[in-house]
Amino acid sequence: MKSASEIISQAVKDGRKSLLEPEAKIICKEYGIPVTRFELAKDEEEAAKFATAIGYPVVLKIVSQDILHKSDVGGVKVNLKDAKEVRSAYEEILSNVKKHYAKAQIVGVLVQEMAPASTEVIVGSTKDPQFGPAVMFGLGGVFVEVLKDVTFRIAPITEEDAREMVEGVKAYPLLKGYRGSPPADIEAIVEILLATSRLVVEHQEIKELDLNPIMVYEKGAKTVDARIILE
Ligand code: ADP
Ligand code: MG
């Protein structure tokens, strides 16, 4: 497995400003951020083979340096239950992407474990020209996009900072469990915030990082999508 430094310097050498999802996820793994299991397939048969190894249901996603927002172009297919569905999703993804952008350079299709639906949170990082990298936390969907219910701290953050970030969002009661829905694993989120802080402090080439969404369970969490943009 390539190291974060190797992946970043390769991207710089290639003149790429954004890392591919598998590259971003390998970097996450190096820092102890849990991610969905994945394999990069180059054709339908390989996709079906990887799906069997990973276990159904699976998710297929386009991997291309030209496509940053994969679902906007029909580049994500979730809940595929057997090899037949995997093969047709593979074809569909390629044709959707080509329809949208004929010249898109395609690296392959990522086959990944389907994370069961749960409470979704977002961890991010942006760089302040004066203070350097900052870490962001929020709950997924409308909480971040519409309500802008997020907390920020300048990196590096301490464990106490991370805990305050989680407890500081207005939607925090939802994480503690409500109306019979189970509480989310706050410790797992704290660990991800700390790991993200270490990552962006040690790799100042990172301009933006976006773990969106992260599924949080009663025990543990899993990053479903990871995006890293370089300076
Ligand atoms: P993008 O943000 O580039 O459109 P994502 O990888 O975030 O693409 O996929 C879009 C949506 O599909 C996610 O927000 C999530 O709801 C769902 N999804 C993607 N990958 C998985 C996965 N491995 N398990 C479960 N759901 C997934
Ligand atoms: Mg996403």
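This report walks through a metal site, a cavity and the strand pairing of one predicted model.

## The magnesium site

Let's start with the metal. The magnesium ion (ligand 2) has two coordinating residues named here, Asn212 through O and Asp225 through OD, at 2.2 to 2.6 Å. These residues come from distant parts of the chain, 13 residues apart. Asn212 belongs to strand β8 (residues 206–216), while Asp225 sits in the loop between β9 (221–223) and β10 (226–230).

Asp225 has 10%, so it counts as buried. The cut-off that separates these classes is 20% relative accessible area, with buried meaning under that value.

## An enclosed cavity

The volume of the largest cavity is about 130 Å³. Its lining consists of 14 residues, and the closest to the centre are Leu19, Leu20, Glu21, Ser64 and Ile67.

Which strands contribute to this lining? β2 (58–63) and β10 each provide at least two residues of the lining of the largest cavity. Sorted by class, that lining holds 7 nonpolar, 3 polar and 4 charged residues.

## The four-stranded sheet

Next comes an open sheet of 4 strands, paired antiparallel in the order β1-β4-β2-β3. The edges are taken by β1 (38–41) and β3 (76–80); each has a single partner strand, so one side of each has no neighbour in the sheet. From one strand to the next, the twist averages 20°.

Within this sheet, β2 pairs with strand β4 (residues 108–113) in the antiparallel sense, over 6 bridges. As a handy reference point, Val58 lies opposite Glu113 in β4.

One residue pair to look up is Gly124 with its bridge partner Asp210 in β8.

How many residues lie between β5 and β6 in the hairpin they form? There are 3 residues between them.

Notes. Residues are numbered from 1 along each chain as its sequence is written. Chains are lettered from A and ligands numbered from 1 in the order in which they are written. This is a predicted model: local features need pLDDT of at least 70, side-chain atom pairs count only at pLDDT 80 or more; totals for chains, interfaces and linings use all residues. Side-chain values use heavy atoms; hydrogens and water are left out. Donors are N, O and S atoms within 2.8 Å of the metal (3.2 Å for Na, K and Ca); water is not among the atoms, so sites may look incomplete. Buried means under 20% relative accessible area, exposed over 50%, partly exposed in between (1.4 Å probe, protein chains only). On a 1 Å grid over the protein atoms alone, a cavity is a set of points where a 1.4 Å probe fits but cannot get out, and a pocket is an open set with protein on both sides within 12 Å along at least five of seven lines; lining residues have an atom within 4 Å of a point. Grid points are joined across faces, edges and corners, and a volume is the space filled by probe spheres set on the points. Ala, Val, Leu, Ile, Met, Phe, Trp, Tyr, Cys and Pro count as nonpolar, Asp, Glu, Lys and Arg as charged, and the others, Gly among them, as polar. Two strands pair if DSSP finds at least two bridges between them. Axes are lines fitted to C-alpha atoms, for helices over the stretch in contact, and angles run from 0 to 180 degrees between N-to-C directions.
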